[in-house]
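Please go through the structure below with attention to its charged pairs, its aromatic rings and its surface patches. The briefing that follows takes these topics in turn.

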Amino acid sequence: MRLDGVRVLDLTRYLPGPYTTQLLADAGAEVVKIEDTATGDPARWMSFESEGSDGTLFEAVNRGKRSVALDLKSDAGREAFFELASDADVLIEGFRPGVTERLGVDDDSVREHNPGIVYCSLSGYGQTGPYRTRAGHDLNYAAFSGLLDMTRADESATPQIPGVPVGDMAGGLFAAFSIVGALCSRALGNTGGEYLDIAMTDVLLSFSQALAPDALAGETPRPGETALTGELPWYGIYETSDGKFVSIAALEPPFWKEFCETVGREDLVETHMTDDEATRAALREELTELFAARTRDEWAEMFADSDATIEPVRTLPEALDHPQTDSRGLIERTQWPQRIGFPARSSDHADPAAGVPGHGTQTEAVLREAGYTDRDIVELRESEAAVFGE
């Protein structure tokens, strides 16, 4: 799984697009981050709030990239950009629809310089439809897609903000998947250059496969009333004696049977998959009392070697420090700040992307590689169409 030799121009900022290109960089692609000449990606200045953390959002998703700072509103900056685009395999942008047209770097304009490029637009609502230019962030996309409605325990509860920006991350992941698919299609001779339109709301809607059939049939799935959102007592979350929580996901009879035998409640085995509401309610009460009798860690120890599908609800630091996570080699600990690396293991994978670029620190090197001379560099510097970071 190596993308060595693939060059990506990255016009994105903040989280969704940079996560896309971080995945590509971690797989070996060369990512050239095109930033504005003023301050660059605003994520450079978005520090994490935890005490003792010196990292920024930028550092988390921009490892191993090269930063080129160009003023795309200027003729000279745009000309330099087209020079880079002419030799690129991929371009990804995350502006609101219409912005790239105003800048003159839209798909049609770039394709005049490179017909075979894979051009990806990643946005909240996509390039078409009445919401195409609507402002939004991750929470809005989760609200639009029906995801927030289903985060409640029941209809009387308030929708909960997901613990991670799932729309941003899912959109970024799907953009990376689509880009690699387009590159494969081009390499196989099935297509040439390709335009990709990725909407984060579309991706979140596609995640509703377990609920969509009912919705498309005219039903309205309600929170807490579907198999995977709390309807079933044997698939849920229960509080423990220390105020923490454990999860149980015993959907299959063998898992439920092992759970019942482990806790000494073989009398509950036959209640599995019952449709009787009174039986379910009574079972939920039984499980609530049962789990409340021990601490979370006591339950974890009891089911450590069991197939009963019991898992403690961990904090993120607990998950990151767990031996399972450590055994996967997911956390890159040799650089500061540490970060979560590429979440797939491969028998032949590129080395982890390293180093966080300063604003415009590779502008000169990248432009010289594109054929710019000393005089060209001086002219760009004097016109302020590019920034040459230290």
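Arg78 counts as buried because its relative accessibility is 19%, where buried means under 20% relative accessible area, exposed over 50% and partly exposed in between, with a 1.4 Å probe and protein chains only. Its salt-bridge partner is Asp75, which is exposed at 59% relative accessibility. The model is predicted, so local features need pLDDT of at least 70 and side-chain atom pairs count only at pLDDT 80 or more, whereas totals for chains, interfaces and linings use all residues. Residues are numbered from 1 along each chain as its sequence is written, and side-chain values use heavy atoms, without hydrogens and water.

**Salt bridges**
- The structure holds 29 salt bridges, each being a side-chain nitrogen of Lys or Arg within 4 Å of a carboxyl oxygen of Asp or Glu.
- In the bridge between Arg78 and Asp75 the closest N and O atoms are 2.7 Å apart, and both residues lie in helix H3 (residues 75–85), 3 residues apart, about one turn of the helix; helices (H or I, at least four residues) and strands (E, at least two) are DSSP runs numbered from the N terminus.
- Arg265 is bridged to Glu286, with the closest N and O atoms 3.1 Å apart.
- This pair links distant parts of the chain, 21 residues apart, with Arg265 in the loop between helix H10 (253–262) and H11 and Glu286 in helix H11.
- Glu332 forms a salt bridge with Arg339, again with 3.1 Å between the closest N and O atoms, and both of these residues are buried.

**Aromatic rings**
- A search of the whole structure finds 14 aromatic pairs, in which rings of Phe, Tyr and Trp (its six-membered ring) have centres within 6.5 Å, and planes under 30 degrees apart count as stacked, over 60 as edge-to-face and the rest as tilted.
- The rings of Tyr238 and Phe291 are stacked, because their centres are 5.2 Å apart and their planes are at 20 degrees.
- Tyr238 in strand E7 (residues 235–239) and Phe291 in helix H11 (residues 277–291) are 53 residues apart, and the pair links distant parts of the chain.
- Tyr238 is buried at 5% relative accessible area, and Phe291 is buried at 0%.

**Nonpolar surface patch**
- Tyr131, Phe144 and Leu205 make a nonpolar surface patch of about 260 Å²; patch residues have over 30% relative accessible area and no salt bridge, with like charges joined within 9 Å and nonpolar side chains (Val, Leu, Ile, Met, Phe, Trp, Tyr) within 5 Å.
- Leu205, in helix H8 (residues 200–206), is partly exposed at 38% relative accessible area.

Definitions and conventions. Areas by Shrake-Rupley, 256 points an atom, 1.4 Å probe, with all protein chains shown as cover.
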